[in-house]
Amino acid sequence: MFDTVIVGAGVAGLTAARLLHAAGRQVVVLEARDRIGGRTWTDRSPGFSVDRGASWIHGLDGNPLTELVAAFGMETAEFTVGSFQAGGRPIANYDEEHRELDAAATDAWLDDVAAADERLAAAVEASEHGESYADVVERALAGLGWDPERTERVRAFHRHRTEEQCGADGAEVDAHGLDEDAIDGDEVVFPGGYDALATALADGLDIRLGQPVTAVEWSAAGVRVTTASESFEAGRVVVTVPLGVLKAGTIDFEPALPEAVSGAIDRVGMGTFDKVFLQFPERFWQDGAYAIRQLGAESAPWHSWYDVSVVSGTPMLLTFAGGEWARRIEQMADDEIVASVLEGLRRNYDDAVPEPTGHWITRWGSDPYALGSYSYVARGASYDDHDVIATPVGDVLHLAGEATWGDCPATVNGALLSGHRAAERILGTTIPIERLADGR
C-alpha cells in the first residue's frame, strides 16, 4: 500500500510527487500516456525541439519557474511576445490592404490599443456578473468616435486576445476573464525543449505509464484508484488530470465529488488552443521581427505568426488557432490547414512564401487525455472557482493542476504551484518551493 497515489505525470503531479517523495512518503504516479509531461510535450522526431504543448515562461519576475529551470540547467531564449501583446518587441504589422505599417503608423496603432485598454479596464470594473469579455470590449469602444476600420482593428485585437489567452471566443469568456493577464518581466522559450522540466522533476519517482485511471473510491480510511488494468490503495490521492477530463466525467468518483467542487468544475471553462508550426527552406520575413501580425477585418482566421527559429535552428513560423476556429481545424486534414495558413501569409508576402518543408499541428481538443488545452474563466465563473476545485475532499482526495490555481490559471507555473500546495496540505507543513530543485 502506498501513502499517496498521484494521478497524472504532468507538472502538477510530478511536483506533488517529488515533494512527497522527498519527505519520505511512498508515492506512485499513474499516467495514462506513454510519456510524462502532460501538456508539456516536446517532439524531437524532427531532429530539433518542437514544443507541441507549453512553450513559454510568461513573465520571469517573481515566477517560481525562473530559478527552477536555471537550477535544472535548462537553456532559455528571450521571446517577449508569447502572450498576446500589441507591442513590447518588434512586430511586423500589416493593414487591411496588406501593407506593412511604418513606424508612425505602428505608434498610432499602439496608441489606439492603449486608449481602448484604458476604457476597457473601467468597463470591466463596472461590469455585472455574467457579462462577457466581448460585451465589455464593445462598451469600451463605444463613444470613441473612431471610424469603422479603426474600431474594427482594436475589436479584432481583443477578439484574438481571448482566443490566444483563453482558447475561447470573447462571448464565452467572463468580463473579468483576463484580469490576471499581466506579464512581469521578459518571457522565454526553450531551445532544448520545455519537457526537460518534467524530466528533471520525475527523477527518482515511481511512475507507471499506460495507466489511464477509470475510478477513484475514497473514504476516511483511504482511497482505491482503479486503472484499466490494476488497482492501487493508498492513504491519499492527488488527481491532476486536465479540467477537460474532469468535465467529461471519464473518472468515476465514488462517492461523487462534493457539490461545491463539482459546481466549480462545471463553471470554469476549458479552452481549445492549437499550434501550427511551418518549417521553410529559407527565411522570407523581416529580420528582427518577433512576430508578423495581420490587423483588422483581414485577421481572420489567421492573424499572428511567431518566428520560433531560435528554438528550431531552422526558419520556422508558429501560428495559433483558438476557440471555435481551433475546434474547426481539428476536423480538417493537415494539408488543408497548411494551405489555409499559407494563404494568409501570401496575402502579405505574395510569391516570396515558399512551400514549407515540414509542419506540425496539434489537436488538444481531440486528445482523450486532455480534451482541451487549458482552463479559463468562463462567462459567469470567477477566479475563486479555480481554487474551489482544489478544496480537499475528506482530507484524502486532492485535485491539482493549472485549472485549480486562481492566481494564474492556464500556465505551467500555476500547475507547479498547485502541486506544491497539494503536497503541503498532505504533509501539513510549509515546504520551501526551492526544495524542488534538489529533491530533498
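Is E138 buried, partly exposed or exposed? At 36% relative accessibility, E138 counts as partly exposed. Here buried stands for under 20% relative accessible area, exposed for over 50%, and partly exposed for what lies in between, with a 1.4 Å probe and protein chains only.

The model is predicted, so local features need pLDDT of at least 70 and side-chain atom pairs count only at pLDDT 80 or more, while totals for chains, interfaces and linings use all residues. Residues are numbered from 1 along each chain as its sequence is written, and side-chain values use heavy atoms, with hydrogens and water left out.

E138 is a partner in a salt bridge with R155, where the closest N and O atoms are 2.6 Å apart. A salt bridge is a side-chain nitrogen of Lys or Arg within 4 Å of a carboxyl oxygen of Asp or Glu. Because E138 lies in helix α4 (residues 133–141) and R155 in helix α5 (residues 148–166), the pair ties together parts that are 17 residues apart in sequence. Helices (H or I, at least four residues) and strands (E, at least two) are DSSP runs, numbered from the N terminus. R155 is partly exposed, at 24% relative accessibility.

A second pair is formed by R327 and E172, whose side chains meet in a salt bridge (3.5 Å, N to O). R327 sits in helix α10 (residues 324–329) and E172 in the loop between α5 and β7 (188–189), so this pair links parts that are 155 residues apart in sequence. R327 is partly exposed, with 32% relative accessibility, and E172 is partly exposed too, with a relative accessible area of 28%. Elsewhere, E138 and R155 belong to one network with E152 and R159, joined by salt bridges that share partners.

R52 and D43 make another salt bridge between their side chains (3.1 Å, N to O). R52 counts as buried because its relative accessibility is 13%, and D43 counts as buried at 11%. The whole structure holds 27 salt bridges.

The last stop is H98, in the loop between β6 (91–94) and α3 (103–125). The side chain of H98 makes a polar contact with the side chain of E298 (3.0 Å). A polar contact is a pair of N or O atoms within 3.5 Å; within protein, one must be able to donate a hydrogen and the other to accept it, and residues adjacent in sequence count only if both atoms are side-chain atoms. Leaving aside residues up to four places away in sequence, H98 touches Q294, E298, R347 and N348, contact meaning heavy atoms within 4.5 Å.
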